[in-house]
Structure formats: C-alpha cells, structure tokens
Amino acid sequence: MSRPRRIVLIRHGESEGNVDDTVYEREPDHALSLTERGRKQAEEAGVRMRELFGDEQVSAYVSPYRRTHQTFQALGLDPHLVRVREEPRLREQDWGNWQEREDVRKQKVYRDAYGHFFYRFAQGESGADVYDRVGAFLESLWRSFEDPAHPPNVLIVTHGLTMRLFCMRWLHWTVAEFECLSNPGNAESRALLLGPDGRYYLDRPFERWCTPESYGFTG
C-alpha cells in the first residue's frame, strides 16, 4: 500500500451565496459562482499549494459544484502533475432544491438548537447523512492507496461542513467533538500529515466555538 504523505482539504473561495443569501431563491446551490474576492482567495491559496506540493504528483478530487471547480482552476496547479476527478460524494450538504430565505434562516435556528450533526433540513440532508457519504468516499480513497504508484499528495476541494465531517470520520472524532468546531473560512485549508508512527495528524485544529459535552464514555 502506498499511502500519501499528505491529504490536503480546502474549502472553496467566497461564493455568491456567502455574500447574498437571497441568491438561493433564484439559482441552484450547485450553480453558484465565486465572487471576485473568492477568486483572489483561491489564487492566493494556490500559491501556498504550489509551494507545498513542489514538483510532486497530486491526486485531486473536486466537489461537482461550480464554485469548487472554479476554486480548483484558480489554484493554478501544474496539469502535468495533477490527476483530477470530480467526486459527487464531496458535495455540499443538501438543503433542499429551491430555497426560501426565511424558511432556511428559521431552519438554521432549529439546527443550532437541535445539533448540526443530527438536524435534517426539510427535503435535504443532516450532517449525519453527509458523514455517511464521506465515509463511502473514504473507502474508495483507501482502495486507491493499493496502487504502488499512488501520488504522495491528495488534494480535496470541497465545502466547510464536508471538510469537518471528513476529518471527523478519518480521526474518529465523537459527535460532541464535531459539534464544537467551526467551519474553516473560504479558501482555508487543513492537511492530514502522515507521521513516523504511521498515523495521520491534522496540521492545525479547527476553531472551537464551545466545549464539547459528551453523553457518556466517549468523553
């Protein structure tokens, strides 16, 4: 098995929906584009990515949303070094199709009270649903490591909640630990680094907005 030395996750740059939540009433979530600021954020992130990867090969997976595709393109990675695939299981949490702004705002209040992991948006997904499909993707990812020629780097261009749930699944966090974490900012990244003991470690933590409260033995 040829495990990568690093698995880098990056959130898309600022999108139209990040600055104007009325846009969801007119455009599908998957079709929203980056703002000009979001493109610049992605370009700046690309400078860091190119320094990190150097001349090494990269296996990249991109959420099928327009803003993640645009983010990947703006990173400016060398196409001769990158093998890229679209991966639907890395998409944003589904909130339903055409979204009514006031209804979504109300549901976000309910979600905050009920819990981000378990609350399911009407006609959409819960965090637990996203966790399940991220877990299915991880099984495919691990199988890809069986190729002795697998690149030493994996890049995942996705969404904030999906990033947190990916790390939760990989690092075996509890639901309580997940609930206390905030999403990364637009075009922010986190990396899972392979340590000398054969385990992966997060390069830096997600910000916490509260102290986790467990139901029992998991702490």
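**A buried helix and its surroundings**

A: Helix H3, residues 66–75, is largely enclosed by the rest of the structure, because seven of its ten residues are buried. Here, buried means a relative accessible area under 20%, exposed means over 50%, and partly exposed lies in between, with a 1.4 Å probe and protein chains only. Helices (H or I, at least four residues) and strands (E, at least two) are DSSP runs numbered from the N terminus. The model is predicted: local features need pLDDT of at least 70 and side-chain atom pairs count only at pLDDT 80 or more, whereas totals for chains, interfaces and linings use all residues. Residues are numbered from 1 along each chain as its sequence is written, and side-chain values use heavy atoms, with hydrogens and water left out.

The buried residues of H3 are Arg67, Thr68, Gln70, Thr71, Phe72, Ala74 and Leu75. They pack against strand S1 (6–11), helix H2 (36–53), strand S2 (58–62), strand S3 (82–86) and strand S4 (153–158); contact means heavy atoms within 4.5 Å. After H3 comes glycine 76, which has a positive phi near 70 degrees.

Serine 33 also touches this helix. It lies in the loop between helix H1 (16–19) and H2, and its relative accessibility of 16% makes it buried. With neighbours within four places in sequence left aside, serine 33 is in contact with Ser15, Glu16, Arg66, Arg67 and Gln70.

S2 pairs with S3 in the parallel sense over five bridges, and valine 58 stands opposite valine 82 in S3.

S1 and S4 are likewise parallel, paired over six bridges. Arginine 11 has threonine 158 in S4 as its bridge partner. Axes are lines fitted to C-alpha atoms, for helices over the stretch in contact, and angles run from 0 to 180 degrees between N-to-C directions.

S1 and S5 run antiparallel and are joined by five bridges, with arginine 6 opposite leucine 193 in S5. S5 and S6 pair in the antiparallel sense over three bridges, and leucine 192 has leucine 202 in S6 as its bridge partner. These two strands form a hairpin with five residues between them, and glycine 198 in the turn has a positive phi of about 85 degrees. Alanine 187 has a positive phi of about 65 degrees although it is not a glycine, and at 3% relative accessibility it is buried.

Helix H6 has a further partner in helix H5. The axes of H5 and H6 come within 9 Å and cross at roughly 60 degrees. The two helices are therefore oblique to each other: angles under 35 degrees count as roughly parallel, over 145 as roughly antiparallel, 65 to 115 as roughly perpendicular, and the rest as oblique. Residues of H5 in this contact include Val130, Val134 and Leu138, and those of H6 include Leu161, Leu165 and Trp170. By class, the contact has twelve nonpolar, three polar and one charged residues. Ala, Val, Leu, Ile, Met, Phe, Trp, Tyr, Cys and Pro count as nonpolar, Asp, Glu, Lys and Arg as charged, and the others, Gly among them, as polar.

Key
Pairing = 2+ DSSP bridges.
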